[in-house]
Amino acid sequence: MATLVLLRHGESVWNAEGLFTGWVDVDLSATGEEEARRGGELLREADTRPGIVHTSVLKRAIRTANIALDEADLAWLPVRRSWRLNERHYGALQGKDKAQTREEYGEEQFMTWRRSYDTPPPPIGDDNPYTQVGDRRYARLPDELMPRTECLADVVDRMLPYWYDTIVPDLGDGRTVLVAAHGNSLRALVKHLDGLDADTVAGLNIPTGIPLVYELNEDFTPRKQGGEYLDPEAAKEAIEAVKNQGKK
Ligand SMILES: O=C(O)[C@@H](CO)OP(=O)(O)O
């Protein structure tokens with residue numbers, strides 16, 4: 001049996017400001033740092049001890065893992081990072097205000113962009129200040145893999161090779177694996193793990209900073225659908241907050 005722990009980064013500065021973020025490398029807010037610390041405390045209290053960590057290449061996930069592991073006295077763990085765990089690229093919406101976008105385009109279009117499985121937002125131009133084209137951390141990524149926008153189905157497609165080639169082998173070695181990533185890249189992973197259909201995943205929201213633990217069978221399918229949050233009450237409340245973003 002293997003254990004997989006999923007951790008969405010703590011609140012970022014742009015989460016707090018209500019802006020679409022995607023691949024923009026925004027830092028944690030003070031609240032986000034505290035959420036990350038609490039995430040580490042929950043790991044320690046539950047005696048859930050990862051043996052290796054995987055993060056995206058975005059600092060909100062990297063710093064969340066660092067803060068949580070420091071709190072759990074596991075700062076020494078080996079770590080791997082991949083763009084394949086990045087947040088969903090939000091296309092031309094990156095940097096835009098969620099509430100304003102909802103007002104301008106209406107609830108249906110807004111929610112289609114946020115949560116539909118296969119409708120991506122409009123692509124971002126390479127001259128947009130929030131593009132990642134030219135960012136040196138992606139210098140080795142061939143242009144055809146460099147997203148200008150993504151829907152969740154695209155995230156599933158680019159995340160799964162990393163799951164099978166890198167995370168599963170670590171789980172197979174008997175290590176508890178921590179994946180520190182993002183709302184939508186973790187939705188993609190949960191969709192795969194729980195075998196959710198497109199409609200069900202549309203209603204799935206992942207809270208910030210609360211470890212979600214999956215015990216896995218030998219074939220790396222979950223023993224329990226949906227896994228278990230280490231603080232289920234806090235998770236419930238935080239899931240509502242994510243759902244309601246853009247409604248102020
Ligand atoms: O802005 C984003 O990149 C994501 C996560 O913060 O937002 P949403 O929950 O609206 O998909």
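Helices (H or I, at least four residues) and strands (E, at least two) are DSSP runs, numbered from the N terminus, and two strands pair if DSSP finds at least two bridges between them. This is a predicted model, in which local features need pLDDT of at least 70 and side-chain atom pairs count only at pLDDT 80 or more, while totals for chains, interfaces and linings use all residues. Residues are numbered from 1 along each chain as its sequence is written.

**View 1. The open sheet has six strands in the order β3-β2-β4-β1-β5-β6, with mixed pairing.** Strands of a sheet pair through backbone hydrogen bonds, either parallel or antiparallel. The edge strands, each of which pairs on one side only, are β3 (79–81) and β6 (228–229).

**View 2. Strand β2 (residues 52–55) pairs with β4 in the parallel sense over four bridges.** In this pair His-54 stands opposite Val-179 of β4. Strand β2 also runs parallel to β3, to which three bridges join it, and here Val-53 stands opposite Val-79 in β3.

**View 3. Strand β5 (residues 212–216) and β6 run antiparallel and are joined by two bridges.** Leu-212 stands opposite Tyr-229, a residue of β6. Helix α7 (residues 183–194) packs on the sheet, where it touches β1 (2–8), β4 (177–181) and β5, contact meaning that the C-beta atoms of two residues, placed from the backbone, lie within 7 Å. The direction of α7 makes about 150 degrees with that of β1; axes are lines fitted to C-alpha atoms, for helices over the stretch in contact, and angles run from 0 to 180 degrees between N-to-C directions.

**View 4. Helix α2 (residues 30–45) and helix α3 (residues 59–71) have axes that come within 7 Å and cross at roughly 45 degrees.** The two helices α2 and α3 are therefore oblique to each other, since angles under 35 degrees count as roughly parallel, over 145 as roughly antiparallel, 65 to 115 as roughly perpendicular and the rest as oblique. Among the residues that meet are Ala-36, Arg-37 and Leu-43 in α2 and Arg-63, Ile-67 and Leu-69 in α3. The residues of this contact divide into five nonpolar, four polar and eight charged, where Ala, Val, Leu, Ile, Met, Phe, Trp, Tyr, Cys and Pro count as nonpolar, Asp, Glu, Lys and Arg as charged, and the others, Gly among them, as polar.

**View 5. The residues around the ligand include Asn-15, Phe-20, Glu-87, Tyr-90, Arg-114 and Val-242.** A residue belongs here if its C-beta atom, placed from the backbone, lies within 6 Å of the molecule. The residues of the shell divide into three nonpolar, six polar and two charged.
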